[in-house]
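Here is a friendly walk through this structure for someone meeting it for the first time. Have the model open beside you as you read.

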Amino acid sequence: MENQNTNSSTFMTRLYSWVDERLKINTLVEYMSKKAVPRHSHSIWYFFGGMTLFFFIVQVLTGILLLLYYRPGADSAYESVKFIVSEVTFGWLIRSIHSWSANLMILAAFIHMFSVFFTHAYRRPREMTWISGVLLLGLAMAFGFSGYLLPWNELSFFATRVGTGMAGALPFVGDFLMEVMRGGENVTGATIGRFFGFHVAVLPGIFTVLIALHLFFIQRQGMSEPLEWATDTKITKKYMPFFPNFILRETLVWLVLLNILAVLAVFFPDGIGAVHWPLGEKADPFAPPPPVIRPEWYFMFAFQSLKLIPAHVLFIEGELFGIIILSIAGLAWLVAPFLASRKPEGQVSHKLVVFGWAVVIFIVVMTILGYILE
Amino acid sequence: MKLFYDKIKRFFVPFAATLMICFVYGYAQADNCLECHSGWEDDERAPSALFPTDVHSQAGLGCSDCHGGNPDLEDMDDVRRSKGYRGIPGPKEIPAFCATCHSDPNYMIKHNPALATDQFDKYKTSVHGQQLLGKGDIKVANCVSCHSVHDIASPQMPTSTVNALNIPKTCSKCHSDAAYMAGYGIPTDQFDDYVKSVHGHALLDKKDLGAPACNDCHGNHGATPPGITSISAVCGMCHTLISDEFAKSPHKKAFDEMGYPECEGCHSNHLVLEPQLYWVGITDSSLCVNCHSADDGTIALATADKMHNSLQALYNAYDSAETKTDDADTRGMMVTDQRFTLKEVSQAIIKTRTVIHSFNADEVEKTAAPGIQTADKVYQAAVAKIDEYYFRRYGLGIATLIITLLAVMLYFKIRSIEK
């Protein structure tokens, strides 16, 4: 037995040496083992970025598998998705995992973003990491919006009609933008072609570049240390090696997530409660819209706030007013590191913290109202 | 001043003259019949109150177009003495009264070219017409008995007494009145039977205008009860395939020879109920034993038994497939294809029930066979779905176990590293 172990260990060592000789991975391992991750009471938030990455990888893999059978077009989209979930071996599981993972990815990204915001990890010199992260969340939501229409069922058709119609409220470019998104005046088979193109080519391309940049920034700058470490000299700073300790912990989290994903996909293949994606009936542009048209949960706060705004605010149309306010708030959120940069190292901008909590409360309240008032 | 008067004259005189012409023309156009009658008829069912809603009024006709006389005259006595005055027709005169226009193609083409002009000719051949015009029996139906009077609506209108949905009620006004119908020697339970029938249920409850009302079997203006020989022809107008099957069957010749009614023999006439499986067979409740017995020297009961078994097998196959599909559905499996295929089995049931009227057991068995096979495929597909349901859960259990095991090992590895 001992002999066998020695043999296998020799084989692994020889294999490692063979690979190292060609790719110089020893240098990489050495670099990673020198990297350190701060250890403190809020270390748990460091894992949410990795969680988002895990769900993104799942999205890419399951998306490729769905692509093998999905056929875009008004006459084929619904039929192909139906074929995937009813005929293709494990097709139902792939679609279910893709849908669950999409929702969990956006949830993880939101938590990651707010944890970065409230731990002030966005501050100098990590402004570019913050901006790339916020843009990544925006792109993830665009993934959700474009993917929602692809099954071409009743609910997705009418939700997309409402969603793209909102873009039409923008001044000057509204109509043009709406037509570009729809591929015409109305949501038709041409819209599926566009959304499909965006979902599987344009967005993944941009997303991959941005995520590479985001990870590059993190690797170059390391994990942000708590704010008080800069000012309080009495605190004992603790660190753990990035490799293997942090990587192994991250892997453990990924395994737990994989388990959760598998259980959700098997027990709730069509989602649960407000987060659901039953295939239902095929989209019929001439049918009356269903009584409740609602977007995905992560768009609900914007959808609900636009619904609550009166028809006219001063001389501006209500919908346009709402879009302007939300856009200004989004822009302020994006440039938050620059708004906080005037504070000395180790101090926080209390106005920015209040703004952060206002955003959280606004999103939560509007989302809840969206589901209660429908 | 003169210039002023000239101006007044120039504008006022033509204006006054135009006003006068309009007034005189309008007065002359007024229908004096309605003017006077509405003055002293205060009943809401009075002719003058009803007539504005009448299809004839809406077509631009007035009272004098039917009743004659000069509507321009103000005095009623003058009207009665005027040329063409016809007054109120009695029941016996009504058909000819209406036929003045309705049997005149040259007149009707101007008002309603789509309307037939043979109603009076048909009426004369009907039982109603023969009773009224031949025997002078004024109790029987004339035009206004069914179409109403002064508030006549197009049959397409839901308010019309002869709209398809209202016809059973209209006919039943007389035919369900036992006292009124006394002396005619015909039953008065037709309406009660009809509302319980598949036809009545479809027409009155489901508002299915494809279902027959009284007139679809009995005719309308030529209303005549179908005779024994014509029953299958009447039913066959809609149930064409069944009629064809029956015509090929040994029953056709036997029924004709014995003077038995065809469809009515098993299905009744007004009380046509949903056919039941037990109707065909050899049990006491089956219809076949009403005429046939085991020792009647025919293969009738053997055929009935075989047909029953074929149909029973098809029903059983359908029920099993549907139950299994429901089971898979409640487990959250996608069964839309199975539900769609089940409709093919439903079609096979309808087809087999149609072929039963050939009374050929082999033919029934042959027709039922594809339906049974399809139902069996649906059943197997539903079983596969349920198996897949368990496979998913067992698969999940194993996958979860492996992942959990890996996670636990990793946890201990991390602990050992960090020690």
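**Notes on a two-chain model**

1. Let's begin inside chain A: the buried residues of H7(A) pack against helix H6 (127–149), helix H8 (174–182) and helix H9 (189–221) of chain A. Buried here means that 20 or more other C-beta atoms lie within 10 Å of the residue's own, while 12 or fewer make a residue exposed and anything in between partly exposed, with C-beta atoms placed from the backbone. Helices (H or I, at least four residues) and strands (E, at least two) are DSSP runs numbered from the N terminus.

2. A word on the source: this is a predicted model, in which local features need pLDDT of at least 70 and side-chain atom pairs count only at pLDDT 80 or more, whereas totals for chains, interfaces and linings use all residues. Residues are numbered from 1 along each chain as its sequence is written, and chains are lettered from A and ligands numbered from 1 in the order in which they are written.

3. Back to H7(A), which covers residues 154–167. Its buried residues are A:Leu155, A:Ser156, A:Phe157, A:Phe158, A:Ala159, A:Thr160, A:Gly163 and A:Thr164.

4. Look for A:Pro289 in the loop between strand S4 (275–276) and helix H12 (300–308) of chain A. A:Pro289 counts as partly exposed because it has 13 C-beta neighbours inside 10 Å.

5. For chain A as a whole, you will find 15 helices and 6 strands. Of its 374 residues, 29% count as buried.

6. Now for chain B, where helix H22 (residues 336–355) and helix H23 (residues 361–418) pack at about 165°, their axes 9 Å apart. Axes are lines fitted to C-alpha atoms, for helices over the stretch in contact, and angles run from 0 to 180 degrees between N-to-C directions. H22(B) and H23(B) are therefore roughly antiparallel (an angle over 145 degrees).

7. How do the two chains meet? In all, 18 residues of chain B are in contact with 16 residues of chain A, contact meaning C-beta atoms, placed from the backbone, within 7 Å. H23(B) supplies the largest share of chain B's side, 15 residues.

Technical notes. Parallel < 35°, antiparallel > 145°, perpendicular 65-115°, else oblique. Expected span 1.5 Å × (residues − 1). Contact = placed C-beta atoms within 7 Å.
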